[in-house]
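Subject: Structure handover, with notes on pockets and helix packing

Hello,

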Amino acid sequence: MSYSIMVNGKFYSSRQACLPVEDRGFLFGDGLFETMRTYNGRVFGIERHIKRLFSSLHALDYNISFNPGKLTDLIGASINKNGLQSGQGYVKVIVTRGMHKGKISFSQTTSPNIIIIAKELKPYPQDLYRQGARIIRSSIVRPSFSNPAYRHKLLNYFESTYAKNEAEKKDALEAIFLTRDRMVLEGATSNIFIVKGKRIYTPPLTYNLLPGITREIVLDICRQNNMPAREKKFDFFELMRSDEVFVTNSLMEVMPVTFIESSPVSNARTGPLTRQLMALYRNMVSS
């Protein structure tokens, strides 16, 4: 089904929207994106998403020709244009550095291209939330520290697409990246949490992982509800021995994990703290 995509402030049919082949996003993956979820026409956590995007734009020396308020207005216009005022929607904002002018470095001044995709969301199956998901280890091994690229949501997304393909081949929802010493980092498209006793842990941002928006919101929910939660390093062995495991992103929200490869977690049932966080997250969305 055709819908409207905004490119630099103008709407085009999804079949006609395009950028030049020499755009740096196409040539080099030199671009950023944010994926958001709408509920009845409103983007949940939009301020956090835009703050993260602009933080990356500044850090990566983009020639920023727009401000957060303007981008928010463009997102709202895209939601309205595609009739997403009710129900649930998917919004993806893409910013590329613009046209390639010969040098691969950031030194040349180019005008960024802004693309906004807004369409009806196809939610994850409800059975996954009831029964829990399966995750696997990716064969890709990452370094633990000192790669600033992982701090940004880059269009250069091949590691994640490769890992998601590995997961699909093994009938799993997600693939998890480990370091050489088997420390847990994050999922291909998600952040990961474990529960030990009554305490909730997630890998620290000092590692090579994305500061996920839903990750941040879940930690805020824990603080607001006196649920002990903090960043902590843990390896794959500790992950396997966890009482509960769940993964998060903006589209899936809080997703319980009941199998790691072929091994069950929490007797292959969604754990009580995970269920509580799922409910608290959805209450926050509703409010």
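The lining of the largest pocket is made up of 18 nonpolar, 17 polar and 10 charged residues (Ala, Val, Leu, Ile, Met, Phe, Trp, Tyr, Cys and Pro count as nonpolar, Asp, Glu, Lys and Arg as charged, and the others, Gly among them, as polar). This is a predicted model, in which local features need pLDDT of at least 70 and side-chain atom pairs count only at pLDDT 80 or more, while totals for chains, interfaces and linings use all residues. Residues are numbered from 1 along each chain as its sequence is written, and side-chain values use heavy atoms, with hydrogens and water left out.

The largest pocket holds about 1100 Å³ of space. Its lining has 45 residues, and those closest to the centre are Phe-33, Lys-153, Leu-154, Tyr-157 and Ser-160. On terms: over the protein atoms alone, on a 1 Å grid, a cavity is a set of points where a 1.4 Å probe fits but cannot get out; a pocket is an open set with protein on both sides within 12 Å along at least five of seven lines; lining residues have an atom within 4 Å of a point. Grid points are joined across faces, edges and corners, and a volume is the space filled by probe spheres set on the points.

Among the elements that supply at least two residues each to this pocket lining are β3 (31–39), α2 (46–59), α5 (158–169) and α6 (213–224). The largest share, 4 residues, comes from α5. Helices (H or I, at least four residues) and strands (E, at least two) are DSSP runs, numbered from the N terminus.

Two of these helices, α2 and α6, also pack against each other: their axes come within 10 Å and cross at roughly 130 degrees (axes are lines fitted to C-alpha atoms, for helices over the stretch in contact, and angles run from 0 to 180 degrees between N-to-C directions). The pair is therefore oblique (angles under 35 degrees count as roughly parallel, over 145 as roughly antiparallel, 65 to 115 as roughly perpendicular and the rest as oblique). In α2, Arg-48, His-49 and Arg-52 meet Ile-213, Glu-216, Ile-217 and Asp-220 of α6, where contact means heavy atoms within 4.5 Å. By class this contact has 2 nonpolar, 1 polar and 4 charged residues.

On α6 there is a further contact, with α8 (residues 272–286), at an angle of about 100 degrees and with the axes 10 Å apart. The two helices are therefore roughly perpendicular. Thr-214, Ile-217, Val-218, Ile-221, Cys-222 and Gln-224 of α6 meet Leu-277, Leu-280, Tyr-281 and Met-284 of α8. That contact divides into 8 nonpolar, 2 polar and no charged residues.

There are 3 cavities of 30 Å³ or more. The largest cavity has about 50 Å³ of space, and its lining consists of Arg-37, Tyr-39, Phe-44, His-49, Ile-213, Thr-214, Ile-217, Ser-250 and Tyr-281. α6 gives the most to this lining, with 3 residues. By class, the lining has 5 nonpolar, 3 polar and 1 charged residues.

The second largest cavity has about 40 Å³. Arg-24, Arg-97, Met-99, Lys-101, Lys-103, Ser-105, Phe-106, Gln-108 and Thr-110 line it, of which 2 are nonpolar, 3 polar and 4 charged.

Regards
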